[in-house]
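Subject: Structure for your files

Hello,

I am passing on the structure we spoke about, with my notes below it. Please read the notes with the structure open.

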Number of protein chains: 4
Amino acid sequence: VIRVLIFNEFLHENRMENVKEIYPDGMHAVLAEMLNGEEDISAECVTLFNAEGQQNDLDALITEEKLRETDVLLWWGHCAHQLVPDSVVNRVQRAVLGGMGAIFLHSAHHSKPFRALMGTTCNLSWREDGDLCRLWVVDPSHPVTRGLGKYFEIPHDEMYGEPFGIPEPDKLLLLTWFEGGEVFRSCCAWRRGAGKVIYFQPGHETYPVYYLPEVRTVIKNAVRWTAPEGYRDFVLDCPNVRKPGAE
Amino acid sequence: VIRVLIFNEFLHENRMENVKEIYPDGMHAVLAEMLNGEEDISAECVTLFNAEGQQNDLDALITEEKLRETDVLLWWGHCAHQLVPDSVVNRVQRAVLGGMGAIFLHSAHHSKPFRALMGTTCNLSWREDGDLCRLWVVDPSHPVTRGLGKYFEIPHDEMYGEPFGIPEPDKLLLLTWFEGGEVFRSCCAWRRGAGKVIYFQPGHETYPVYYLPEVRTVIKNAVRWTAPEGYRDFVLDCPNVRKPGAE
Amino acid sequence: VIRVLIFNEFLHENRMENVKEIYPDGMHAVLAEMLNGEEDISAECVTLFNAEGQQNDLDALITEEKLRETDVLLWWGHCAHQLVPDSVVNRVQRAVLGGMGAIFLHSAHHSKPFRALMGTTCNLSWREDGDLCRLWVVDPSHPVTRGLGKYFEIPHDEMYGEPFGIPEPDKLLLLTWFEGGEVFRSCCAWRRGAGKVIYFQPGHETYPVYYLPEVRTVIKNAVRWTAPEGYRDFVLDCPNVRKPGAE
Amino acid sequence: VIRVLIFNEFLHENRMENVKEIYPDGMHAVLAEMLNGEEDISAECVTLFNAEGQQNDLDALITEEKLRETDVLLWWGHCAHQLVPDSVVNRVQRAVLGGMGAIFLHSAHHSKPFRALMGTTCNLSWREDGDLCRLWVVDPSHPVTRGLGKYFEIPHDEMYGEPFGIPEPDKLLLLTWFEGGEVFRSCCAWRRGAGKVIYFQPGHETYPVYYLPEVRTVIKNAVRWTAPEGYRDFVLDCPNVRKPGAE
């Protein structure tokens, strides 16, 4: 069983009525329910804010031990990236480098852990007009795009446009065509240390994007693909060694 | 001075009135005139067919000596890829691996030298509706995209769509948004051996694409960027060597 | 079950006494026996020459149908690369691009299918002094290096040295230190089309390299890693399409 | 003229007699003298400690303005990485992403700016036995390896061994063979944002490595190659945009 930890800010869903209507218990709840519907996946959640709008102590929730028991971390954040403590960011980064999978959704392009893993600005252009999005499969043979046709559509979502300030992906998986005229590398894969990282662009909070079958397919595929392949080594050191033969 | 050799089939311009109107002396002539207008570039042409519609002997025209004196090769072909002799293909491939730059334009995605250098199908989807194309700059810092804004437009061109059967580019430079709804990796860079390779998608024969300023900027930039950086070694061998110190 | 096809020239083992002693039934037989000892792998062989030294008709043996039933192809060739018909080379290349895994061993760096897939010279330097080789694991988290320590040794093998004329690997997996003073990228991974390709350097015919446990571990790992992940599409076309929505 | 800024801790040279003998005015002075001997390069230095052993205020020395006037930054640090303020690290990272070149020398593999740009541990194995090092040229056609033969040697230097915890380099340039039995990716190139980054391994403080002609050739080549190619944009933003055509 793949153990997934879903992180969500859980802010918009509490404070904005239109978002609350779409995700009454938070988008993490919708993502968790979807993943827990799969036999080979077990998901739980951690949020920056609780349902009463009080801030949780992430440092106590996302511990090294917790991450050791996590195969894949999903991350959704938007307006409170700065409230994630650096201790948690370092821990998450180390866990990924040690083999944990990580999937960054939508506005998590600017989350601290994603930026730390990429080393770049992760900037992009954006426009919030509820464009129709058509996501084209660039590599139909990759496990993350399994079960998709040549493309799929999202009726309305925020536009994210190029240039996207990321290191060249190891593998570009999806490209989005936006009705308004832009394009975006909307699903990208990188290996960092022993861990696999996916960025997947859809999911603005004001549209019911995470209920769409193809979006769910991508997320489920990504969970399975980023799950560690047997190797999970949290000992990340820089050893003084002896000559081969003299150990 | 960068010595450019432009290869063109020169078939459509001879046989189709609407193409002849756009490129009366062939598109190679238009490309050559543009490049020869630059102080640091000197271009000449070789065509598969001559103005009278007779086939040229490419084997005698694209010799190893000729390629040795060529810094950058431009290639446009469409319906007569199979008429290019394998001897020429091997020679071009070796020249690129030895350091010559190569720029493949539009339907040259299926040319023999491009396929030989990529090792893949180089297949794509296509649709000939004269779509408006908007080409987005993915990397504004790269020499090949210098002088372009965030994007530029081509009023009408053939649609080429993903998936594009190429090895992951070393650097993705432009992404095209097509009015009809598709996207395409329209400018890509690879290093192969000592040579630099660019694929640039615009340029269907029935539209005056190679007269557009931004398209010309990309081609001129690409010529300068793919030109050999000092190294030009046609000796491509597999030597039996002695131990270091015993040579 | 992963269906493996092992190609071997089967020339040295027939003609050279010292090689025959090591691999009396050919090195393909040793590789097949090893792979068939695994529950999840089923291997069979095809050779360029038979045990009587007569040349086989590869065109009739490595058919499109045969490749369709093959998950992973292993290839060992050395002095008879030119005897492999181009029809077979094209078929193998297409099968890999369509999703079949391929593992090229030792002197198969110069085999026609490997060169066709890479698009480069695949040249290297070589020295046949029976050096001790120490193969260092560059990425201990990759499935292909699973079960290896920090390094392993081959008491005697041919030296292959840099520069190695390949496209930058997607992933460098092993680096060899040679007693005589050279280094080499001895295990590299690429994705080409839907297929995964591994080059693995050890295995000169005059040393019993394919009996060594760590060498076997790498080959078994590579078979499992290059096996298609569900996708296997031999339809590799370049379709004329309709607009999204107008199909 | 390429404006180079050389950062050095300047600690070992002050505190260890054997290092002081090799680099009486600090290794930055030796590097600066070498670079200032080139017509097209102008170098200056900033050190973490001054000649009297007092700590400098890096925050006041490596300002945004200073970096704006710097084309290429060289960085040597070893035991005082933690004394570099995060404000400086962020500034350097942003400058690189905005187009400044950066060359990290030897133990700067663990410097904060390098780790920030890579996003990985940058760990390695090490052994301090003064091994003979033989550095093999993996890509003889790259500007950074220009003027080197097939390999060059360093009589004595610290061993750095694989696995090296870096993202796959865009281009591997040199591989080191160590007398004691290890190998290392000793010169690697990455593009990050608009900037080029080089890591170059030689240069332990107790050996006169930076006086060796080939080591100097690599550093001078790297300075010229990482220098910005015309583009230098410190505006690194994430803009809210309008539709194409509606700007």
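The buried residues of α3(D) are covered by, among others, β1 (2-8), α1 (12-15), β2 (41-47), β3 (72-76), β4 (101-105) and α8 (213-226) of chain D. Contact here means heavy atoms within 4.5 Å, and buried means under 20% relative accessible area, exposed over 50% and partly exposed in between, with a 1.4 Å probe and protein chains only. Helices (H or I, at least four residues) and strands (E, at least two) are DSSP runs, numbered from the N terminus.

This is a predicted model, in which local features need pLDDT of at least 70 and side-chain atom pairs count only at pLDDT 80 or more, while totals for chains, interfaces and linings use all residues. Residues are numbered from 1 along each chain as its sequence is written, chains are lettered from A and ligands numbered from 1 in the order in which they are written, and side-chain values use heavy atoms, with hydrogens and water left out.

Helix α3(D) spans residues 27-36 and is mostly covered, with seven of its 10 residues buried. Those residues are M27(D), H28(D), V30(D), L31(D), A32(D), M34(D) and L35(D). An α-helix has 3.6 residues a turn, so residues three or four places apart point the same way.

In chain A, helix α3 (residues 27-36) packs on helix α8 (residues 213-226) at an angle of about 65 degrees, and their axes are 11 Å apart. Axes are lines fitted to C-alpha atoms, for helices over the stretch in contact, and angles run from 0 to 180 degrees between N-to-C directions. α3(A) is therefore roughly perpendicular to α8(A); the classes are under 35 degrees for roughly parallel, over 145 for roughly antiparallel, 65 to 115 for roughly perpendicular, and oblique for the rest. From α3(A), V30(A), L31(A), M34(A) and L35(A) meet R216(A), I219(A), K220(A) and V223(A) of α8(A). This contact has six nonpolar, no polar and two charged residues, where Ala, Val, Leu, Ile, Met, Phe, Trp, Tyr, Cys and Pro count as nonpolar, Asp, Glu, Lys and Arg as charged, and the others, Gly among them, as polar.

In chain B, the axes of α3 and α8 come within 11 Å and cross at roughly 65 degrees, in a right-handed crossing. V30(B), L31(B), M34(B) and L35(B) of α3(B) meet R216(B), I219(B), K220(B) and V223(B) of α8(B).

In chain C, the axes of α3 and α8 come within 11 Å and cross at roughly 65 degrees. α3(C) passes α8(C) in a right-handed crossing.

**D139 of chain D**

D139(D) sits in the loop between β5 (125-137) and β6 (151-161) of chain D. With a relative accessibility of 5%, D139(D) is buried. Beyond its neighbours within four places in sequence, D139(D) is in contact with R191(B), T145(D), K171(D), L172(D) and L173(D). D139(D) and K150(D) are 11 residues apart in sequence, and their C-alpha atoms are 9.6 Å apart.

**Cysteines**

There are zero disulfides over all chains, a disulfide being a pair of cysteine sulfur atoms within 2.5 Å. For C45(A), the nearest cysteine sulfur is that of C79(A), 18 Å away. C45(A) is partly exposed, at 33% relative accessible area.

Regards

Technical notes
Left-handed = near helix turned anticlockwise from the far one by under 90°.
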